[in-house]
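Subject: Structure handover

Hello,

Here is the structure I said I would pass on. Please open it beside this note, which goes through what was found.

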Amino acid sequence: MTLRMAATAAALSCATLAASPQTPTFSSRLEAVRVDVLVTEDGRPVRGLQPADFDIRDEGVPQTVDLVSFEQIPLNVVLAFDVSDSVSGDRLEHLRAAGRAVLARLAASDQAGLVSFNNAVEVRANLTARAKDVMAALDVVHPFGETALVDGSYTAMVLAQSGGNGVRRGLVIVFTDGADTISWLTPERVLDASRRSDAVVYGVIVRSRSKASFLHELSERTGGGIVEIESTKDLADRFVAVLDEFRQRYLVSYTPRGVASRGWHRLDVRIKGRKVTVKARAGYLSGS
Amino acid sequence: MNTQASRIVVRLLVLIVAAVVWLATGRQVSLAQSTTAPSQPAAKRLSRSERLRDWLEAVERHEPGIVDQSIGVFDSWRPDDFQYLAIDLNTLVLLIEDPGLRTFFFKSGSRSRQIVYNGSDLKTMLALAMTARNRIGEDTTIPPEQRLQKNRNRVLERAAIFHTDVALDALLGGRSNVRAPLGLQSFTLLLPDGRPQGMTVDVGHWELARSILDKVSPAPARHEFVRGWYIATAAYLEGLGQLVPAHFDRGLHWFPDDAELLFFAGCLHESLAETRIQEAMQSAAIPSDVKFDVSSRRAELRAAESLFRKAVNARPDLVEARIRLGRVLSLRGEHAEAETLLRPAVEDARDPPLAYLAHLFLASEVEARGDSGLARDLYAKAAALYPNAQSPRLALSALEARAGNEAGALRAMAGVLALPGDQRIDPWWTYHQGQGRNAPLQLKAVYQSFLEEERR
């Protein structure tokens, strides 16, 4: 949540504040906090909000929003795919097609990566702007084995935060058709690690008798969402919808004031004077 | 023809990623059969004593540990034939002991009923019993009573081996048994990748083998073959991801203080406590008259702890039991005792997979109580033991991530996660089957010792 890149000159920060909302430049200062916020009204994204429209409370203390961006920040999109034994035949083909559909919609400035998981978690494509490389990696995935959902989701979160210069927004799309059966990392530890991550996790789950409570909780905590499906037939549409929704989120930045510098910070995000639905992460962890 | 020992190695590699629960209940229920009975040849049906004769010949012909032709004896059997086998085998054992016997009772559960044979069947069975009774009749160095016992036990042990090999052949070779008879049904709940994928019903060859060994004299509990058989088959079943509570219940009934059996039974309950099993038991469509013997996670962990404790008390040198007891204690929230157990286990574990797991589990404990430095050190040692294993790398990465070191988090796992999955070896992946890693050798040793005894 907090920007932990090397601190840059204060001058940049000043320049940032002077920039127009249409071409935002986010501060890389250690203190700055970024929050990915989805604002919807009757299920449709609300556009045109300005910094003054946001009411952000950090541990209950009102904060001054410095900057708001809508659709302008380049993305780091990591696809994290369950390629266990059960994802074969049509399901695998649908998954590949869905991955390709997302990759085809990325802008030139965006980056994508691919993580697959069965027993083994494999980073099949590191973050790259060459979507074709990621598509090629998708083609050589062969399903077998069990489901290391927790390990795979964790890896994708770390990867989403890793690449590119400047500020980027991390989106992780996790696809699974079952519950975890083999991870070493525990859900608790990954959920704990997610408190320091800026990446937003969306889970696309084929509905089954198994509970996927971990993915529900991870997406909830990172401010993402869960898409439950009965069949993978329309998987590409679902994936594209996730990407579109993510693009229509606001990236809100503020410099925390009146709160402790370390520890867990509970966040409450609202839009002043409007009855809209706001989705954002529950909080962030700062300090070591 | 391949030996079972060489075949299981291949199968183990396959099954590490496909857990299957086999819970033999042997209950008398009606359920759609998974396979159809082979069509009967036009030739006349054999009488029950003739089937017993064929069975006994197959048992005698069978080469332990080998998938030979004798295993095919059941191919033409009808479901009821297995029911008769259980009854007639009992009669055969009684006749070996006392050829003058003419009234026979068969006990099933709490019920006992008289079995009446026609003259022809009785004559054939008596002849079979006399052959078995006199097999080593010429050896006058052995007292008659002892000779009789030896003859009787030899047949029973051989029969148990035979049914073990039939059961293993079905498991390893994926052969489906013929339609199962009521009362000898073995229900298997299939859970590949944690997903309930239906049940199969097969002949309970394991049950048959157990019930055959119940008949050895003077008592199974005083019989080294029976002990060895239970230990080796427990290892085999667990190594193949087959969870069979009834097998362990029977084994511990005869050998309640055996450290190895206690250990394997502890492993069974540790597996039954796993989330995937617990969730599957909640969600699987199981007929109401079939009951799988799985308790709540808490109860299973408690059972595992108790069994591992007994195993460790009986054999403090059983490092694997100490490591698993440490893990179970951790899962039960007894972290201080878990760490106390795991600390020396890290030093004592010589087997690389065990040393690796001990390091991982101890690291997790010390990490949970906030000692990141020691946890990092222990994870690194585990990673050094298995450089291509992902678990310690992910753990190291998560340590960095929680400390706010994003670059470090990526660095810690990048090397291993870039490797193709088939180039990784991670003993954590086979944790719930790993205790059976020596099963083929163990079973081979049991068979070998039987053959040596038989040749004497």
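Which residue in E9(A) is the bridge partner of Val78(A)? Please keep in mind that this is a predicted model. The partner is Val172(A). The two strands here are E6, residues 75–82, and E9, residues 169–176, both of chain A. Seven bridges join them, and they pair in the parallel sense.

The six-stranded sheet

E6(A) and E9(A) belong to an open sheet of six strands. The order is E8-E7-E6-E9-E10-E11 in chain A, and the pairing is mixed. E8(A) and E11(A), the latter spanning 225–229, stand at the edges. Each has a single partner strand, so one side of each has no neighbour in the sheet. On average, neighbouring strands of this sheet are turned by 15° against each other, direction ignored.

Two helices to look at pack on this sheet. Helix H2 of chain A, residues 90–104, touches E6, E7 and E9 of chain A. Its direction makes about 180° with that of E6(A). Helix H7 of chain A, residues 235–247, touches E9, E10 and E11 of chain A. Here the angle is about 160°, taken against the direction of E10(A).

The four-stranded sheet

Chain A also has an open sheet of four strands, in the order E4-E3-E13-E15. Its pairing is antiparallel. The edge strands are E4(A), 61–63, and E15(A), 283–286, and each pairs on one side only. Neighbouring strands are turned by 30° against each other on average, direction ignored. E3(A), residues 54–58, is joined to E4(A) by three bridges. Within this sheet, Ile56(A) stands opposite Gln63(A) in E4(A).

Cores

The largest nonpolar core has 185 residues. Ala80(A), Val172(A), Ile173(A) and Ala358(B) touch the most other members. Helix H5 of chain B, residues 144–173, gives the most to this core, with 11 residues. Leaving aside neighbours within four places in sequence, Ile173(A) is in contact with Leu79(A), Ala80(A), Val102(A), Tyr202(A), Val204(A), Phe239(A) and Val242(A). Another core, of 21 residues, lies apart from the largest one. Among its residues are Val33(A), Ile56(A), Phe70(A) and Val269(A). As general background, nonpolar side chains tend to be buried together in soluble globular proteins.

Domains of chain A

Chain A is divided into domain 1 (10–71 + 250–286) and domain 2 (75–247). In domain 1, 14 residues are in contact with 11 residues of domain 2. E1(A), 33–41, and E15(A) are the elements that give two or more residues to the domain 1 side. That side divides into eight nonpolar, one polar and five charged residues.

Where the chains meet

How many residues of chain A are in contact with chain B? There are 35, and they contact 31 residues of chain B. On the side of chain A, strand E8 (121–128), helix H4 (149–160) and helix H5 (187–194) each supply at least two residues. H4(A) gives the most, with four residues. By class, the chain A side has 11 nonpolar, 14 polar and 10 charged residues.

Best wishes

Notes: Residues are numbered from 1 along each chain as its sequence is written. Chains are lettered from A and ligands numbered from 1 in the order in which they are written. This is a predicted model: local features need pLDDT of at least 70, side-chain atom pairs count only at pLDDT 80 or more; totals for chains, interfaces and linings use all residues. Two strands pair if DSSP finds at least two bridges between them. Axes are lines fitted to C-alpha atoms, for helices over the stretch in contact, and angles run from 0 to 180 degrees between N-to-C directions. Two residues are in contact if their C-beta atoms, placed from the backbone, lie within 7 Å. Ala, Val, Leu, Ile, Met, Phe, Trp, Tyr, Cys and Pro count as nonpolar, Asp, Glu, Lys and Arg as charged, and the others, Gly among them, as polar. A nonpolar core is a set of buried Ala, Val, Leu, Ile, Met, Phe, Trp, Tyr and Cys residues joined through C-beta atoms within 7 Å. A residue is buried if 20 or more other C-beta atoms lie within 10 Å of its own, exposed if 12 or fewer, and partly exposed in between; C-beta atoms are placed from the backbone. Domain bounds come from an automatic or database domain assignment.
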